[in-house]
Amino acid sequence: MQGLMMDQPLLVKSIVEFADRVNPDVEIVSFTADNPRHRYTYKDAFKRARQLANVFAGWGLERGDRIATLAWNDYRHFEAYYGISCSGFVAHTINPRLFPEQVAYIINHAEDQYVFVDPMFMPIVEGVAGHCPGVRGWVVLTSAEHMPETSLDNVHCYETLLEGESTEFDWPELDERDACALCYTSGTTGNPKGVLYSHRSTLLHAFASVWPDVMGLSSSETVLPIVPMFHVNAWGTPYACPMVGAKLVFPGPKMGDGAELTKLINEEKITMSAGVPTVWLNLLAHLRESGETIESLKRIIVGGAACPLSVMEEFDSHGVETRVGWGMTEMSPLGSVNAPTPEVAEMSGEDWDKQRLKAGRPVFGVEMKITDDEGKELPWDGEAFGSLKVRGPWICSGYFKLDAGDAHADEGWFETGDVATIDPHGYMAITDRTKDVIKSGGEWISSIDVENAAVGHPKVAEAAVIGRYHPKWSERPLLVVVRDKGGEDLTPEEILGFLEGKIAKWWIPDAVEFVDELPHGATGKIQKVELREVFKDFAFPEE
Ligand code: AMP
């Protein structure tokens, strides 16, 4: 017997309709190149999204066509998200930090019809336009007076396009399984792969992200998404915030600028923010140097890479709770969040430090398991390391225009490519990427734990651990360090001595190399493939 409930599809347009009625006057504040403090409301934003839909209606597009954005986090990008998806097209966010060849590759692979570009990224599109014959037009996200000079054909000004368009539009009735957004992974090898989100997956993910033990969003919060809208939809915050009526503050091109972020936090009374570890390092360095404070900020979500304990401790001193989150582009991205359960909250000292560094408990909706090399499930004992597999309604079932491939080899499960442990409290900890694991004498060493410990040294700015050939142990860890300002006198002995007692004795690297900088990819992650290439001829000193 079936239930007697309405079969209402889960569509992105329902966020617009809801926020328009329930949260119309909640503010969206943005930093943009043409206005350091643009402010308006959800009601204003969605009016303009409908004007944009009217523009699309005159372009002869077909349902499901891809429209790309190459833009910072700001209000125009937010309007494009909704205008594109709710019209039945697919918002394809492009990471401007990709190599130009990769940008051209994904525009062509996605068959983007139009590309919406921040004026700052015009040099990128001028470089790739000649290789993207399928693009019908380039829309510059600015006003007529700020339009940049360009040699490109088919260029439109965003504000001029909207001018005179009606603010009324009847959104089409879509299928909840229709695609609404597309984001390519920035794989370290091979071409980027497209992850195609549906209206349904986006809505379910947004519902889950607001829960207290996840992001804890509500109408009392003011949210600063520092994680880019071109990297897994700013972790879903542009959908979740209008759902609950949280004020949104967009940092535009200032996401890496500690001084500007401090100003935004204090002036806009930000209560919650989200971003990768690197941005927090910039913010904390500014606070240290200026002596400024961030009184309104209560909580940050750190994800995308492991968060060093030193970052958490420094945030503690500012009265800010740090929550580690783990996820992937393929997972929309939320997989787990580290919010303390009552029993974990009672921990103290080293136990607490260890626990808070973990990637956290699965969010309801995401099933997890760890398996050994034969695919056998491993226990949640906090000891066993295994490949982490996940399934759920916001996890990709395949890549856009590609056969499912290796990532879905275990029927019904997505292979994350991460190696993890899960403890009896349900807290998962990432120990490595599968391809980065170091196997010494047949036993795994967690490069992430070693790196975390190393960056706790005050003279270390950044650290990476890679496995290198060893005649006796087959592989041993090599620690590569970028010294911090004022740390020029840091020696290998000092840093290795510092690690003693912080990690297992046999995890302590056999050698330390100092470099001026580490190679980073488009989302700010350390490129270990490249680093292994740099040290391919490295040999450990004879014992
Ligand atoms: P992306 O798809 O670019 O967001 O990258 C996803 C990958 O980032 C994951 O598979 C992990 O390897 C890594 N990652 C994300 N969050 C964390 C975390 N909290 N700790 C360690 N690694 C993380």
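Which residues in H7 meet Tyr 239, Ala 240 and Met 243 in H9? Before selecting them, note that this is a predicted model, in which local features need pLDDT of at least 70 and side-chain atom pairs count only at pLDDT 80 or more, while totals for chains, interfaces and linings use all residues. Residues are numbered from 1 along each chain as its sequence is written, and side-chain values use heavy atoms, with hydrogens and water left out.

**Stop 1: helices H7 and H9**

Select residues 199–209 for H7 and 237–244 for H9; helices here are DSSP runs (H or I) of at least four residues and strands are DSSP runs (E) of at least two, numbered from the N terminus. The residues of H7 that meet those of H9 are Thr 202, Leu 203, Ala 206, Phe 207 and Ser 209, where contact means heavy atoms within 4.5 Å. Six residues of this contact are nonpolar, two are polar and none is charged (Ala, Val, Leu, Ile, Met, Phe, Trp, Tyr, Cys and Pro count as nonpolar, Asp, Glu, Lys and Arg as charged, and the others, Gly among them, as polar). The two axes come within 9 Å and cross at roughly 65°; axes are lines fitted to C-alpha atoms, for helices over the stretch in contact, and angles run from 0 to 180 degrees between N-to-C directions.

Staying on H9, seven of its eight residues are buried, so this helix is largely enclosed by the rest of the structure; buried means under 20% relative accessible area, with a 1.4 Å probe and protein chains only. Among the buried residues are Pro 238, Cys 241 and Pro 242, and the helix is followed by Gly 245, whose phi is positive, near 80°.

**Stop 2: the nine-stranded sheet**

Next, colour the open sheet that runs in the order E2-E1-E11-E10-E12-E13-E14-E15-E16, with mixed pairing; two strands pair if DSSP finds at least two bridges between them. E2 (35–41) and E16 stand at the edges with a single partner strand each, so one side of each is left without a neighbour in the sheet. Helix H3 (residues 75–86) packs on this sheet, touching E1 (27–32), E2 and E11 (247–250), and its direction makes about 120° with that of E1. Further along, select E14 (residues 321–327) and E15 (residues 334–337), which run antiparallel and are joined by three bridges; Trp 326 has Ser 336 in E15 as its bridge partner.

**Stop 3: helix H2**

Select residues 42–57 to show H2, whose 16 residues should span 22 Å at 1.5 Å a residue, and whose end C-alpha atoms are 22 Å apart, in agreement (the expected span is 1.5 Å times one less than the number of residues). Twelve of the 16 residues are buried, so H2 is largely enclosed by the rest of the structure; Arg 48, Arg 50 and Asn 54 are among those buried.

**Stop 4: a lysine in a loop**

Is Lys 358 buried or exposed? Lys 358 lies in the loop between H14 (349–356) and E16 (361–362), and is buried, with a relative accessible area of 16%. Leaving aside neighbours within four places in sequence, Lys 358 is in contact with Val 324, Asn 338, Asp 423, Tyr 427, Met 428 and Ala 429.

**Stop 5: the four-stranded sheet**

Finally, select the open sheet E17-E18-E19-E20, which has antiparallel pairing. Its edge strands are E17 (367–371) and E20 (428–433), each pairing on one side only, and the twist averages 45° from one strand to the next. Five bridges pair E17 with E18 (residues 386–391), and Met 368 has Val 390 in E18 as its bridge partner.

Methods:
Buried means under 20% relative accessible area, exposed over 50%, partly exposed in between (1.4 Å probe, protein chains only).
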